[in-house]
Amino acid sequence: MNVAQENFRQNQTTLDKPKCSALDHVRQNSTLYLMAIPAVLSIIVFSYLPLFGLSIAFLDFSPFRGILGSEWVGTANFADAFNNPFFWAALRNSFIISTLKLMITFPSAVILALLLNEVRKRWLKVVIQTSTMLPFLVSWVVAGAMFRAILGTDGLVNSVGTSLFNTDPIAFLSDPQPFRWVLILQDTWKYAGYFAVLYLAAMATIDPNLYEAAEVDGASRWQQTVHVTLPGISNTMITILLISVGYLVAAGFEQVYVMYNVSVYETADILETFTLRLALSQGNYGLATAVGLVQGAISLTLVLIVHFTAKRLGRGGLF
Amino acid sequence: MTNITLKPHAIFGLTSGQLLIRLALLVIFALCAYPFFYILSLAVMPYENFISSPVHFGPNGFTLEYFQQIFGSANLQRAFTISVFKTIMGTGLSVVTTVMAGWALSRPGLKYGRLLSALFIVPLYVGGGLIPYFLVIRATGMLNTFWALIIPSMVWPFNFLIARAYFANFPQEIVEAAKVDGASNLMIFKDIVWPTSTPIIATLAVLYGVGHWNDYFWPSFLVQPDLYPITVVLQNLISGNVMASRLGVSGFQSVSPQSFIAAVAAVLIIPVLVAYPLFQRYVVKGILVGSLKG
Amino acid sequence: MLLNSRITRVVIALTFALVAFGGMALAQDTDTVVIWTPGDAKFATEDLQVAEANRLLQMIEESTNTQIEIVQISWDGYGDRLRAAAASGELPDIFSYYQHNDKNLITQFAEDGLILPFNGDLASLLPTVLTEYEGTPFTSELNVDGNIYMRPSTWGGGTQPNLSLVHVRQDVLDTLGLAQPETFEDFANYLTQCQEATGMNGLVFPGGEASIFYVNVFAGAFGLPFQGWVRTDNGFESPLIQAGMRDGLLILRQMIADGLVDPVTWELTNGNEAKERFIAGSNCAMLFNGGPIDLEIQAALETNVPDAVQLTLPALTTGDGVRGYTMEPQWATATFIAGLPNNHPEAAARVLDYLTTAEFARLSVLGIEGVHYDMVDGQVQLNEEARLQDGFRPTSDTVFGAHPLAGGVMVDWLNAWRDAEAYEVYIGWGKSSEAVERYNTWQENAGMYQIEAFGMFSSTPALAEYQPTLNEIVIRDFLSIIRADTAEEATTLFDTFVQSWLSAGGQQVQDEMSAYLLEVYGN
């Protein structure tokens, strides 16, 4: 958001304030509020109303007795979670996997966008951009089927290795160490193209005069990239980082659920899969909700910290 | 390495830098697109050919047998229709509500715009859980109706934030000029904003469309089997929860799992492959402004 | 402009109109008995379509004076859906639940008043169901506070191992000139020779699945079941922490170390994937369920590999003669009568009892005489067209199975196993007498040696609390034991496992269970 607009907005707000009471303001802008109502209402009904369910975390919840009828057990569910050795392992895995994903997918997307930005031939750009976007468009179940066909013990890569080069098969999908990297790189494969589109879009808004000026100063393409392009997309990068930080304890449930197996629990069992196996499949909603609540609380705390830090640093926050 | 100097303008009229960039992009292209090509190859390759040789890079022979097996079932045909309706109507509804809210709440001077927008942050990270969600949807009377497939997931917070950021950059001068001409807020939206916002509309259509098409968990929870979209059946099939034999696929014994699963995956992929390019060029423009902070 | 065309606007306007006027929930007919059963989407929807005109359904309705509505819910999330329905106070009148050894759940249902005990008036409407209990003593373990709450879906009277039996290739044995393997040594020898001679992979089983069913094959050689509890000098203990369990796992570890197990095993997260590989002819052996599924395996196998024959082996031994698969009562799932205000328990009881009768078992396989089948010279002749019209599974399916309505009370085909004559038709339809004989041999093999387990269906408060964590420990630790590099390492891992199992609540569970079982079965 540029300075002029910010000023404009501030002026508007200060101008409106003395004249209007809240009711007058709503009345004057009733059309705008009406337009927002379907979305706001649907968020309140389908996202906020179910939050009453978070109280399940403090109950020995029985679906039939309901929230009001179930026994209040205080923090017992949290104690159960914290006393479970697999909880801590899952929390650690969630954090490691999502951190590595952020560290690799995030710069990959930037690099991909920078590379695409250097291509002048339009058709080439469109073809490559479309292909990198494809993985984003399919569900994890389908992506999982593809990766199993390619990386499985009897998949494409291993059959090439064993039959053409006579090597031993690599257990990409059942050896805990390679598997963690499969998850991370698969995430890059799925999302880099999508985020690259966001950066490309931001690049398109960079003032062409800046490049001309740089060229006049004798800057090479590389120098232009570093001094003009990157600063030009820094706002977008920060926004994406801000949102991503909130997901540092959510390592991508669907992906892991589709891809993992018992052999790789050690490195791949994350909070959601842990919850599914140890709580939900047993109908222990109290424990499941407690874990979800801990996870949500960590996420929101992280987001708010980076949001206000970013605001203080003058980089704008999320809202 | 031999020491062949890559002279500027030497190869295909490209500088060495350009050449490296294109090589890198070629590798990226292959990595992204090949898995799609491979799974589609498996889907059209006769199974005998698949097992007769250990390595395949592309289709060896051609057959549509597996697709015929999938679509031979009347149930799958109906499920497919439901999926199509769900995707089209759900996307239409989602896009319209999101665009309206994104526009309205990004208006400078709208006192509670910021507050209402902040409402969309929490749901990004916290949910209430399965049973409370079910109870809320039941209370609305939508349970086991077609509406349960499209209304509860009508607005995604992330998409709203994209839309709002996009409209925050909408040139305010145009709006002011229209106001001077006596246009109402509704007219401004209908006649000026909507027609000029194709990029964000296309972007949201892709994001919501993909979401609605791929959605399979909630439908199996919120509606009864006569309303299952095809994804519920197919995704369960891929993830191994349902045996092909139980789908009433005729002559299932001869259906080989790899080929059949590949064909199922293809059925899920192909509509996306067909539809996406239609939106692609708008998407780039749409995310363009949307990604800038508002 | 694609998105601004008139068509787009019409679509949007239509959508809004439909949203505004649609969405009315249908009113429930009060006379209707609603039945829920877990199943696959396919049959579910077909059931709904055929229900109106279904002659079989009409017959049940007439016999029980009810209106029946059957809803099959996808296996995926059936449990959640059931709990969610309970939470909203609207259960179906009759529902089946497939986690058959989850006594905790039954107890919770009973305590919450979701399900009704088969007492008093209800008992008088359920004579057939209650007779079932007389022939099957294990079912008393499932009673809550001495009350019967469920109709167990049993078939036959005795016990038959079922989960994870050894399947090999008879045709390969013949080609190699090998006899049917009796010991683990024979089995390893078969796997080695088969791999060399045919180029197929070794043993496959769902090793990525969160279960330890595979242990069934190895524990028995040391006199241990893989689930339930065993008698020891100290009362009852878990078989999982016995020394014999370690020795069983060591045998498997050696097989893995010797390259006899297909490495793809660890990636298979469900049993069907293992089966699919075996029937594709890519593996020498597999560990998988037995029973009539053997016929399905055989049919698929011979379609893919001409002249291939599967063989279900009797339990293997180390050579000392101790052997057996874990004994299992022949039952799969349980059916309940709901007791919420919107339910009709008496009508439901009439239906449930009728569905349990031999008459219905026969109906659900063969259909109605003169409509779905005819008797010609004392032989059953199925009338395919009428069957298909009323929703029976096609007879071209290897094991054509019962009518999906039988799924109203149990996993669909199980009903077919209850009536002797129907079972014979079911198994033998379209097959040579040789094939049927072969099948009978497989079943005989499977049940030849059995290891007794106690308290498989019992629960205690401690078990309810610790079971999830204990299961997790067992699943993970057993996998590391069998995949350990050396036998020494595996032994150490096993000792560590026993310690962590006992300290994670296992000791308490074992003590409670032992006290309970001593009470039931005596010293």
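Helices here are DSSP runs of H or I of at least four residues, and strands are runs of E of at least two, numbered from the N terminus. The model is predicted.

**Chain B**

By that definition, chain B has 14 helices and 0 strands. Its elements, read from the N terminus, are therefore α-α-α-α-α-α-α-α-α-α-α-α-α-α. Chain B has 294 residues, of which 54% count as buried. Where contacts in chain B join residues at least 6 apart in sequence, 74% of them link residues at least 24 apart.

**Contact between chains A and B**

On the side of chain A, 79 residues are in contact with chain B, and 80 residues of chain B take part. Helix α3 of chain A, residues 30–48, gives the most to the chain A side, with 13 residues. That side of chain A is made up of 50 nonpolar, 25 polar and 4 charged residues.

**Helix α8 of chain A**

Helix α8 of chain A covers residues 140–151. Its 12 residues should span 16 Å at 1.5 Å a residue, and the end C-alpha atoms are 15 Å apart, which agrees. The helix is mostly covered, with 11 of the 12 residues buried. Among the buried residues of α8(A) are A:Trp140, A:Met146, A:Phe147, A:Arg148 and A:Leu151.

Chain C holds an open sheet of 4 strands in the order β6-β9-β5-β10, and the pairing is mixed. Strands β6 and β10 of chain C stand at the edges with a single partner strand each, so one side of each is left without a neighbour in the sheet. From one strand to the next, the twist averages 20 degrees. Strands of a sheet pair through backbone hydrogen bonds, either parallel or antiparallel. For β5(C) and β10(C) the sense is antiparallel, over 3 bridges. One residue pair in this part of the sheet is C:Arg169 with its bridge partner C:Gln310 in β10(C).

Two helices of chain C lie across strands of this sheet, as listed below.

| Helix of chain C | Residues | Strands of chain C it lies across | Angle |
|---|---|---|---|
| α12 | 271–279 | β5, β6 and β9 | about 150 degrees to β9(C) |
| α13 | 293–304 | β5 and β10 | about 160 degrees to β10(C) |

Methods:
Residues numbered from 1 in each chain as written. Chains lettered and ligands numbered in written order. Predicted model: local features only at pLDDT ≥ 70, side-chain atom pairs only at ≥ 80, totals over all residues. Pairing = 2+ DSSP bridges. Axes fitted to C-alpha atoms, helices over the stretch in contact; angles between N-to-C directions. Contact = placed C-beta atoms within 7 Å. Expected span 1.5 Å × (residues − 1). Buried ≥ 20, exposed ≤ 12 C-beta atoms within 10 Å, placed from the backbone. Nonpolar A, V, L, I, M, F, W, Y, C, P; charged D, E, K, R; others polar.
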